[in-house]
Amino acid sequence: LLNVSRASSAVIGLRMAAVWLLFVVIVPTMSNVVAQSVSPSPSRLLLAAQVREASAEADREAAKTLQAFYFDHPEAAENSGSEAGANFFVRILASDTAVEKAIRPTLQAFEQSAAVREAWIGRLQFLSPAMMTQLALNSLSGTEDARYRSFLTQVNAFHARWADFFVGRILGGETLTPADYDAMPRFVPDETAPVDARPIVGSIGLLAALALTLIMLAALRSKSTQAFA
């Protein structure tokens, strides 16, 4: 459309470069800025500091942490008089549980802010054909945010199964047997999640309609230019 004009080639080239910069660089960058300002992500430095502080606090208050853990898990307290009940692994488990509880709110804030930013990027994608194309290609290749969240959900579920496998044995003062090694949970990701084709079809359809409109306008402008000449 820009090429069908009476301007010189240099002027047309500058206009096309400006349009390219606008839709490929400026609009996507500003969209990210808007999404980040609406829902800023928590500081990862803060998360690392919280992990260190929670670990140090658990070490300083080892006795209280262990007693609180025994209160939540009385089956471990029953074995507290034996070597297995008060062993190193129970103390480590109590410390890890305390750290996990301390950082859980920050991790949840990360997830919530990421979901809000994703929603805003989805709304703002229609301002840039480049963003629409990128998100459509992400969906086609299976690397979109929804698929990533599904993978994280599977990882968290596996982590819970993996922890339960060992926690029960630690609390009961049991030792691993050769059969336990074969029975350990194994992570098998589910890659059969169906791809929602509606956003892809909508984006491609809108891009096609946009391109067709510009072609029609270019054709009309070309005719008027030729008639004027």
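How many residues does helix 6 have, and what distance does it reach from its first C-alpha to its last?

1. The model under review is predicted. In it, helix 6 spans residues 129-141, has 13 residues and reaches 18 Å from its first C-alpha to its last. This is close to the 18 Å expected at 1.5 Å a residue.

2. The buried residues of helix 6 are Met131, Met132, Ala136, Asn138 and Ser139. They lie on the same side of helix 6, because the arc they cover around the axis is only 155°.

3. Gly142 follows helix 6, and the phi of Gly142 is positive, near 80°.

4. Five aromatic pairs are present in the structure. One of them joins Phe158 and Trp162 in a tilted arrangement, with 5.9 Å centre to centre and 35° between the planes. Both residues belong to helix 7 (residues 145-171), where they are four residues apart, about one turn of the helix.

5. The two partners of this pair fall into separate accessibility classes. Phe158 counts as buried because its relative accessibility is 15%, under the 20% cut-off. Trp162, at 34% relative accessibility, counts as partly exposed, since that class lies between 20% and 50%.

How values were computed:
Residues are numbered from 1 along each chain as its sequence is written. This is a predicted model: local features need pLDDT of at least 70, side-chain atom pairs count only at pLDDT 80 or more; totals for chains, interfaces and linings use all residues. Side-chain values use heavy atoms; hydrogens and water are left out. Helices (H or I, at least four residues) and strands (E, at least two) are DSSP runs, numbered from the N terminus. The expected span of a helix is 1.5 Å times one less than its number of residues. Buried means under 20% relative accessible area, exposed over 50%, partly exposed in between (1.4 Å probe, protein chains only). The arc is that of the directions from the helix axis to the C-beta atoms. Rings of Phe, Tyr and Trp (its six-membered ring) pair if their centres lie within 6.5 Å; planes under 30 degrees apart count as stacked, over 60 as edge-to-face and the rest as tilted.
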